[in-house]
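Student: Please walk me through reading a few features of this model. Start with a helix, then go on to sheet and core.

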Amino acid sequence: MLKGKKIILGITGSIAAYKACYIIRGLIKQGAEVQVVITPAGKEFITPITLSALTSKPVISEFFAQRDGTWNSHVDLGLWADAMLIAPATASTIGKMANGIADNMLITTYLSAKAPVFIAPAMDLDMYAHPSTQKNLDILRSYGNRIIEPATGELASHLVGKGRMEEPENIIRVLDEFFSASAELQGRKIMITAGPTYEKIDPVRFIGNYSSGKMGFALAEECARRGAEVTLITGPVQLKTQHSRIHRIDVESAQEMYEAAQTCFPTSDVGILCAAVADFRPETVAGKKIKREKEEELTLHLQATQDIAASLGKIKEDNQLLVGFALETNNEQQNAEGKLERKNFDFIVLNSLNDAGAGFRHDTNKISIIDRKGREDYPLKPKQEVAQDIINHLVAVLTH
(Lines give C-alpha, C1' and ligand atoms only; values in the text may rest on other atoms or scores of the structure.)
Protein backbone atom coordinates (compact mmCIF):
# COMPACT_ATOMS: atom_id res chain seq x y z
CA MET A 1 0.00 0.00 0.00
CA LEU A 2 3.01 2.33 -0.25
CA LYS A 3 2.85 2.56 -4.04
CA GLY A 4 2.54 6.20 -5.07
CA LYS A 5 2.81 7.50 -1.50
CA LYS A 6 4.86 10.64 -0.95
CA ILE A 7 7.01 10.35 2.16
CA ILE A 8 9.26 12.88 3.84
CA LEU A 9 12.17 11.16 5.58
CA GLY A 10 13.70 13.29 8.30
CA ILE A 11 17.24 12.35 9.35
CA THR A 12 18.91 13.71 12.48
CA GLY A 13 22.38 13.54 14.03
CA SER A 14 22.51 9.96 15.27
CA ILE A 15 24.93 7.11 14.66
CA ALA A 16 21.88 5.24 13.35
CA ALA A 17 21.65 7.70 10.42
CA TYR A 18 23.26 5.12 8.13
CA LYS A 19 20.10 2.99 8.49
CA ALA A 20 18.21 5.70 6.61
CA CYS A 21 19.73 4.27 3.42
CA TYR A 22 17.98 0.95 4.05
CA ILE A 23 14.72 2.76 4.84
CA ILE A 24 14.91 4.71 1.58
CA ARG A 25 15.71 1.60 -0.42
CA GLY A 26 12.79 -0.30 1.14
CA LEU A 27 10.29 2.51 0.62
CA ILE A 28 11.28 3.04 -3.00
CA LYS A 29 11.15 -0.70 -3.63
CA GLN A 30 7.50 -0.62 -2.58
CA GLY A 31 6.78 2.26 -4.95
CA ALA A 32 6.97 5.24 -2.60
CA GLU A 33 8.45 8.62 -3.48
CA VAL A 34 10.92 9.82 -0.85
CA GLN A 35 12.14 13.33 -0.07
CA VAL A 36 14.93 13.56 2.50
CA VAL A 37 15.14 16.46 4.94
CA ILE A 38 18.28 16.31 7.06
CA THR A 39 19.47 18.38 10.01
CA PRO A 40 22.93 19.99 10.00
CA ALA A 41 24.03 17.44 12.62
CA GLY A 42 22.69 14.63 10.47
CA LYS A 43 25.11 15.57 7.67
CA GLU A 44 27.97 14.78 10.06
CA PHE A 45 26.92 11.11 10.00
CA ILE A 46 25.82 10.59 6.38
CA THR A 47 26.47 12.63 3.26
CA PRO A 48 23.61 14.21 1.30
CA ILE A 49 25.10 12.96 -1.96
CA THR A 50 24.56 9.35 -0.84
CA LEU A 51 20.94 10.08 0.06
CA SER A 52 20.33 12.02 -3.14
CA ALA A 53 21.64 9.13 -5.21
CA LEU A 54 19.13 6.80 -3.54
CA THR A 55 16.10 9.07 -3.83
CA SER A 56 16.95 10.77 -7.15
CA LYS A 57 16.02 14.03 -5.43
CA PRO A 58 18.15 16.83 -3.98
CA VAL A 59 18.43 16.53 -0.21
CA ILE A 60 16.89 19.44 1.68
CA SER A 61 18.81 20.75 4.66
CA GLU A 62 18.78 24.54 4.65
CA PHE A 63 16.04 27.12 4.20
CA PHE A 64 17.91 28.66 1.28
CA ALA A 65 19.06 26.26 -1.42
CA GLN A 66 21.55 28.70 -2.95
CA ARG A 67 22.91 32.19 -2.38
CA ASP A 68 20.69 33.63 -5.12
CA GLY A 69 17.56 33.81 -2.96
CA THR A 70 16.18 30.39 -3.96
CA TRP A 71 14.55 28.90 -0.88
CA ASN A 72 12.91 25.66 0.20
CA SER A 73 9.28 26.05 1.25
CA HIS A 74 8.60 23.96 4.34
CA VAL A 75 4.89 24.75 3.93
CA ASP A 76 4.73 23.32 0.40
CA LEU A 77 6.74 20.31 1.51
CA GLY A 78 4.45 19.70 4.46
CA LEU A 79 1.41 19.78 2.17
CA TRP A 80 3.07 17.53 -0.44
CA ALA A 81 3.56 14.52 1.82
CA ASP A 82 1.25 11.60 2.58
CA ALA A 83 3.39 10.82 5.63
CA MET A 84 6.43 12.15 7.46
CA LEU A 85 8.91 9.73 8.99
CA ILE A 86 11.72 10.91 11.27
CA ALA A 87 14.28 8.14 11.57
CA PRO A 88 16.54 8.37 13.41
CA ALA A 89 15.06 10.89 15.84
CA THR A 90 17.50 12.11 18.50
CA ALA A 91 16.53 13.30 21.97
CA SER A 92 17.33 16.85 20.86
CA THR A 93 15.03 16.71 17.84
CA ILE A 94 12.26 15.05 19.85
CA GLY A 95 12.51 17.87 22.41
CA LYS A 96 12.33 20.51 19.70
CA MET A 97 9.34 18.85 18.05
CA ALA A 98 7.48 18.58 21.35
CA ASN A 99 8.07 22.23 22.20
CA GLY A 100 7.87 23.88 18.79
CA ILE A 101 11.49 25.01 18.60
CA ALA A 102 11.71 25.67 14.86
CA ASP A 103 15.43 26.30 14.41
CA ASN A 104 16.06 24.07 11.39
CA MET A 105 14.35 22.96 8.18
CA LEU A 106 13.29 19.60 9.59
CA ILE A 107 11.38 21.07 12.55
CA THR A 108 9.67 23.76 10.46
CA THR A 109 8.59 21.07 7.98
CA TYR A 110 7.23 18.98 10.85
CA LEU A 111 5.26 21.95 12.18
CA SER A 112 3.78 22.53 8.72
CA ALA A 113 2.97 18.88 7.97
CA LYS A 114 -0.70 17.95 7.58
CA ALA A 115 0.06 14.26 7.08
CA PRO A 116 0.52 11.64 9.82
CA VAL A 117 3.95 11.68 11.47
CA PHE A 118 5.99 8.64 12.51
CA ILE A 119 8.97 8.96 14.85
CA ALA A 120 11.69 6.35 15.42
CA PRO A 121 13.75 7.39 18.48
CA ALA A 122 17.48 6.66 18.50
CA MET A 123 19.63 7.30 21.57
CA ASP A 124 21.30 5.48 24.44
CA LEU A 125 19.14 3.92 27.13
CA ASP A 126 19.91 6.51 29.82
CA MET A 127 18.89 9.37 27.54
CA TYR A 128 15.74 7.52 26.52
CA ALA A 129 14.83 6.74 30.15
CA HIS A 130 15.33 10.33 31.33
CA PRO A 131 12.03 11.90 32.49
CA SER A 132 12.43 14.83 30.11
CA THR A 133 12.67 12.51 27.10
CA GLN A 134 9.69 10.47 28.26
CA LYS A 135 7.69 13.65 28.79
CA ASN A 136 8.53 14.88 25.30
CA LEU A 137 7.51 11.53 23.78
CA ASP A 138 4.22 11.69 25.68
CA ILE A 139 3.64 15.19 24.33
CA LEU A 140 4.27 13.99 20.78
CA ARG A 141 1.87 11.07 21.29
CA SER A 142 -0.78 13.47 22.58
CA TYR A 143 -0.42 15.41 19.31
CA GLY A 144 -1.30 12.22 17.41
CA ASN A 145 2.24 11.31 16.33
CA ARG A 146 3.09 7.62 16.18
CA ILE A 147 6.23 6.50 18.00
CA ILE A 148 7.94 3.48 16.43
CA GLU A 149 9.98 1.52 18.97
CA PRO A 150 11.19 -2.07 19.26
CA ALA A 151 8.50 -4.27 20.82
CA THR A 152 9.49 -5.33 24.34
CA GLY A 153 6.53 -7.17 25.80
CA GLU A 154 5.45 -6.54 29.39
CA LEU A 155 5.48 -3.12 31.03
CA ALA A 156 7.77 -4.37 33.77
CA SER A 157 10.58 -4.44 31.26
CA HIS A 158 9.45 -1.49 29.13
CA LEU A 159 12.95 0.00 28.86
CA VAL A 160 14.61 -3.16 27.58
CA GLY A 161 15.77 -2.42 24.04
CA LYS A 162 14.19 1.03 24.06
CA GLY A 163 16.25 3.92 22.77
CA ARG A 164 17.73 1.80 19.99
CA MET A 165 16.16 2.67 16.67
CA GLU A 166 13.75 0.08 15.31
CA GLU A 167 15.06 -1.92 12.36
CA PRO A 168 14.35 -0.46 8.88
CA GLU A 169 12.21 -3.38 7.72
CA ASN A 170 9.95 -3.01 10.75
CA ILE A 171 9.66 0.75 10.27
CA ILE A 172 8.59 0.18 6.67
CA ARG A 173 6.10 -2.46 7.81
CA VAL A 174 4.50 0.03 10.23
CA LEU A 175 3.98 2.53 7.39
CA ASP A 176 2.69 -0.18 5.08
CA GLU A 177 0.17 -1.39 7.69
CA PHE A 178 -0.90 2.20 8.35
CA PHE A 179 -1.80 2.83 4.72
CA SER A 180 -3.27 -0.65 4.28
CA ALA A 181 -5.72 0.12 7.11
CA SER A 182 -6.69 3.52 5.73
CA ALA A 183 -9.63 2.16 3.70
CA GLU A 184 -10.92 -0.50 6.10
CA LEU A 185 -13.93 1.59 7.16
CA GLN A 186 -14.51 3.29 3.82
CA GLY A 187 -18.20 4.06 3.40
CA ARG A 188 -19.07 3.34 7.03
CA LYS A 189 -20.90 5.86 9.18
CA ILE A 190 -19.82 5.80 12.82
CA MET A 191 -21.33 7.73 15.71
CA ILE A 192 -19.13 8.27 18.78
CA THR A 193 -20.00 9.89 22.09
CA ALA A 194 -17.20 11.40 24.16
CA GLY A 195 -16.40 13.49 27.22
CA PRO A 196 -18.49 14.28 30.30
CA THR A 197 -21.95 15.78 30.68
CA TYR A 198 -22.74 18.70 32.97
CA GLU A 199 -26.06 18.73 34.84
CA LYS A 200 -26.90 22.23 36.07
CA ILE A 201 -27.67 23.00 39.71
CA ASP A 202 -27.90 26.74 39.11
CA PRO A 203 -26.38 29.13 36.53
CA VAL A 204 -22.84 28.67 37.92
CA ARG A 205 -22.76 25.15 39.39
CA PHE A 206 -23.21 21.69 37.94
CA ILE A 207 -22.86 17.96 38.59
CA GLY A 208 -20.14 16.50 36.38
CA ASN A 209 -17.18 14.13 36.26
CA TYR A 210 -13.47 14.10 35.42
CA SER A 211 -13.72 12.80 31.84
CA SER A 212 -11.35 14.66 29.49
CA GLY A 213 -12.77 13.19 26.27
CA LYS A 214 -9.31 12.02 25.14
CA MET A 215 -10.35 8.41 24.56
CA GLY A 216 -13.41 9.30 22.50
CA PHE A 217 -11.51 11.83 20.41
CA ALA A 218 -8.73 9.29 19.76
CA LEU A 219 -11.38 6.82 18.57
CA ALA A 220 -12.92 9.43 16.27
CA GLU A 221 -9.55 10.24 14.68
CA GLU A 222 -8.74 6.54 14.22
CA CYS A 223 -12.10 5.78 12.59
CA ALA A 224 -11.78 8.77 10.27
CA ARG A 225 -8.23 7.77 9.36
CA ARG A 226 -9.53 4.37 8.28
CA GLY A 227 -12.07 5.93 5.95
CA ALA A 228 -15.22 6.28 8.07
CA GLU A 229 -17.52 9.28 8.16
CA VAL A 230 -17.62 10.08 11.88
CA THR A 231 -20.20 11.97 13.92
CA LEU A 232 -18.63 12.90 17.24
CA ILE A 233 -21.12 13.93 19.94
CA THR A 234 -19.07 15.47 22.71
CA GLY A 235 -19.68 16.98 26.09
CA PRO A 236 -17.75 20.03 27.34
CA VAL A 237 -14.03 19.39 26.68
CA GLN A 238 -10.97 21.42 25.66
CA LEU A 239 -10.05 19.19 22.71
CA LYS A 240 -10.10 19.87 18.98
CA THR A 241 -10.72 17.45 16.12
CA GLN A 242 -8.15 17.12 13.33
CA HIS A 243 -9.58 14.95 10.55
CA SER A 244 -11.89 16.45 7.93
CA ARG A 245 -14.20 13.41 8.05
CA ILE A 246 -15.22 14.14 11.66
CA HIS A 247 -18.48 16.05 12.12
CA ARG A 248 -18.59 17.39 15.65
CA ILE A 249 -21.74 18.05 17.68
CA ASP A 250 -21.16 19.85 21.00
CA VAL A 251 -23.61 19.22 23.83
CA GLU A 252 -23.63 19.92 27.54
CA SER A 253 -26.22 17.81 29.36
CA ALA A 254 -27.15 14.14 29.28
CA GLN A 255 -30.50 15.08 27.75
CA GLU A 256 -28.81 16.95 24.91
CA MET A 257 -26.48 14.00 24.27
CA TYR A 258 -29.46 11.61 24.36
CA GLU A 259 -31.34 13.66 21.76
CA ALA A 260 -28.32 13.94 19.47
CA ALA A 261 -27.61 10.20 19.70
CA GLN A 262 -31.24 9.34 19.00
CA THR A 263 -31.07 11.45 15.86
CA CYS A 264 -27.70 10.17 14.59
CA PHE A 265 -27.67 6.47 15.44
CA PRO A 266 -30.48 5.25 13.13
CA THR A 267 -28.44 6.30 10.07
CA SER A 268 -25.13 4.97 11.46
CA ASP A 269 -23.49 1.60 10.88
CA VAL A 270 -21.76 1.68 14.26
CA GLY A 271 -22.28 3.47 17.57
CA ILE A 272 -19.39 3.76 20.04
CA LEU A 273 -20.54 5.05 23.42
CA CYS A 274 -17.41 6.37 25.09
CA ALA A 275 -18.91 9.36 26.92
CA ALA A 276 -19.09 9.48 30.71
CA VAL A 277 -22.76 10.40 30.93
CA ALA A 278 -24.23 11.54 34.24
CA ASP A 279 -26.66 9.00 35.68
CA PHE A 280 -28.55 11.65 37.68
CA ARG A 281 -29.49 15.31 37.39
CA PRO A 282 -31.13 17.79 39.77
CA GLU A 283 -34.93 17.67 39.72
CA THR A 284 -35.03 21.45 39.56
CA VAL A 285 -32.48 23.99 38.36
CA ALA A 286 -32.32 27.28 40.24
CA GLY A 287 -32.74 30.33 38.05
CA LYS A 288 -30.28 32.34 40.13
CA LYS A 289 -27.06 31.50 41.92
CA ILE A 290 -27.84 29.70 45.18
CA LYS A 291 -26.45 31.74 48.05
CA ARG A 292 -24.75 30.16 51.02
CA GLU A 293 -26.68 30.98 54.20
CA LYS A 294 -25.17 30.67 57.67
CA GLU A 295 -25.66 27.22 59.25
CA GLU A 296 -28.01 26.11 56.48
CA GLU A 297 -27.73 22.89 54.53
CA LEU A 298 -28.47 22.43 50.86
CA THR A 299 -30.30 19.30 49.82
CA LEU A 300 -30.35 18.29 46.17
CA HIS A 301 -33.08 16.00 44.90
CA LEU A 302 -31.81 14.02 41.93
CA GLN A 303 -33.62 12.14 39.19
CA ALA A 304 -32.30 9.62 36.70
CA THR A 305 -31.17 10.81 33.29
CA GLN A 306 -32.14 9.09 30.05
CA ASP A 307 -30.15 5.87 29.58
CA ILE A 308 -28.54 6.53 26.19
CA ALA A 309 -26.96 3.08 25.86
CA ALA A 310 -30.13 1.16 26.75
CA SER A 311 -32.27 3.26 24.42
CA LEU A 312 -29.93 2.70 21.47
CA GLY A 313 -29.66 -1.00 22.29
CA LYS A 314 -33.44 -1.28 21.94
CA ILE A 315 -33.56 0.30 18.49
CA LYS A 316 -30.37 -1.32 17.16
CA GLU A 317 -30.95 -3.17 13.89
CA ASP A 318 -29.29 -6.45 12.87
CA ASN A 319 -27.00 -4.58 10.47
CA GLN A 320 -25.76 -2.19 13.17
CA LEU A 321 -23.09 -2.59 15.83
CA LEU A 322 -23.11 -0.97 19.25
CA VAL A 323 -19.96 -0.69 21.37
CA GLY A 324 -20.07 0.28 25.03
CA PHE A 325 -17.58 1.33 27.71
CA ALA A 326 -17.51 0.34 31.36
CA LEU A 327 -15.40 2.24 33.89
CA GLU A 328 -15.52 0.22 37.09
CA THR A 329 -14.10 0.36 40.60
CA ASN A 330 -15.14 -3.14 41.79
CA ASN A 331 -16.53 -6.40 40.40
CA GLU A 332 -15.25 -5.27 37.01
CA GLN A 333 -15.85 -8.46 35.02
CA GLN A 334 -19.30 -9.13 36.44
CA ASN A 335 -20.47 -5.55 36.01
CA ALA A 336 -19.15 -5.33 32.44
CA GLU A 337 -20.75 -8.62 31.39
CA GLY A 338 -24.04 -7.53 32.90
CA LYS A 339 -23.90 -4.25 31.02
CA LEU A 340 -23.05 -6.06 27.79
CA GLU A 341 -26.30 -8.03 27.97
CA ARG A 342 -28.61 -5.34 29.39
CA LYS A 343 -27.62 -2.70 26.86
CA ASN A 344 -27.46 -5.08 23.87
CA PHE A 345 -23.83 -4.23 23.08
CA ASP A 346 -21.86 -6.23 20.54
CA PHE A 347 -18.77 -5.78 22.70
CA ILE A 348 -17.76 -3.68 25.66
CA VAL A 349 -14.49 -1.97 26.57
CA LEU A 350 -13.67 -2.33 30.25
CA ASN A 351 -11.24 -0.22 32.23
CA SER A 352 -10.79 0.18 35.94
CA LEU A 353 -9.95 3.12 38.16
CA ASN A 354 -7.88 0.64 40.17
CA ASP A 355 -5.28 0.52 37.37
CA ALA A 356 -2.61 3.21 37.63
CA GLY A 357 -2.49 5.42 34.55
CA ALA A 358 -5.93 4.37 33.31
CA GLY A 359 -9.26 6.19 33.26
CA PHE A 360 -10.03 9.89 33.47
CA ARG A 361 -7.52 12.64 32.63
CA HIS A 362 -4.67 10.29 31.71
CA ASP A 363 -3.01 10.14 28.29
CA THR A 364 -2.80 6.36 28.74
CA ASN A 365 -5.38 3.64 29.30
CA LYS A 366 -5.46 -0.06 30.16
CA ILE A 367 -8.42 -1.93 28.74
CA SER A 368 -10.05 -5.31 28.31
CA ILE A 369 -12.45 -6.04 25.44
CA ILE A 370 -15.30 -8.35 26.40
CA ASP A 371 -17.80 -9.93 24.02
CA ARG A 372 -19.90 -13.08 24.06
CA LYS A 373 -16.87 -15.15 23.02
CA GLY A 374 -14.65 -14.12 25.90
CA ARG A 375 -12.23 -11.45 27.07
CA GLU A 376 -8.98 -10.03 25.70
CA ASP A 377 -6.69 -7.98 27.95
CA TYR A 378 -4.33 -5.26 26.75
CA PRO A 379 -1.38 -3.59 28.55
CA LEU A 380 -1.21 0.07 29.51
CA LYS A 381 -0.79 2.15 26.34
CA PRO A 382 -1.18 5.70 25.06
CA LYS A 383 -4.82 6.36 24.22
CA GLN A 384 -4.04 6.69 20.50
CA GLU A 385 -2.74 3.11 20.53
CA VAL A 386 -5.68 1.94 22.65
CA ALA A 387 -7.98 3.43 20.01
CA GLN A 388 -6.17 1.38 17.36
CA ASP A 389 -6.72 -1.82 19.38
CA ILE A 390 -10.43 -1.08 19.81
CA ILE A 391 -10.96 -0.27 16.13
CA ASN A 392 -8.95 -3.34 15.10
CA HIS A 393 -11.47 -5.40 17.09
CA LEU A 394 -14.34 -3.48 15.53
CA VAL A 395 -13.02 -4.13 12.02
CA ALA A 396 -12.66 -7.84 12.83
CA VAL A 397 -16.31 -7.97 13.94
CA LEU A 398 -17.50 -6.09 10.86
CA THR A 399 -15.65 -8.39 8.45
CA HIS A 400 -16.75 -11.69 9.96
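Student: Which backbone nitrogen does a side-chain oxygen of Asn104 reach at the start of α5?

Tutor: Helices are DSSP runs of H or I, at least four residues; strands are runs of E, at least two; both are numbered from the N terminus. Here the Asn104 oxygen comes within 3.0 Å of the backbone nitrogen of Leu106. The model is predicted: local features need pLDDT of at least 70, side-chain atom pairs count only at pLDDT 80 or more, and totals for chains, interfaces and linings use all residues. Residues are numbered from 1 along each chain as its sequence is written, and side-chain values use heavy atoms, leaving out hydrogens and water.

Student: How many residues of α5 are buried?

Tutor: Buried means under 20% relative accessible area (1.4 Å probe, protein chains only). In α5 (residues 105-112), 7 of 8 residues qualify, among them Met105, Tyr110 and Ser112.

Student: In what order do the strands of the open sheet run?

Tutor: Strands of a sheet pair through backbone hydrogen bonds, either parallel or antiparallel. Pairing here requires at least two DSSP bridges. The order is β2-β1-β3-β4-β5, and the pairing is parallel. β2 (33-38) and β5 (146-147) each have a single partner strand, so one side of each lacks a neighbour in the sheet. β1 (6-11) and β3 (83-89) pair over 4 bridges. Leu9 stands opposite Leu85 in β3.

Student: Which residues touch the most other members of the largest nonpolar core?

Tutor: Such a core is a set of buried Ala, Val, Leu, Ile, Met, Phe, Trp, Tyr and Cys residues joined through side-chain atoms within 4.5 Å. Of its 33 residues, the answer is Leu219, Ile272 and Ile390. α9 (214-225) gives the most, 7 residues.

How values were computed:
Buried means under 20% relative accessible area, exposed over 50%, partly exposed in between (1.4 Å probe, protein chains only). A polar contact is a pair of N or O atoms within 3.5 Å; within protein, one must be able to donate a hydrogen and the other to accept it, and residues adjacent in sequence count only if both atoms are side-chain atoms.
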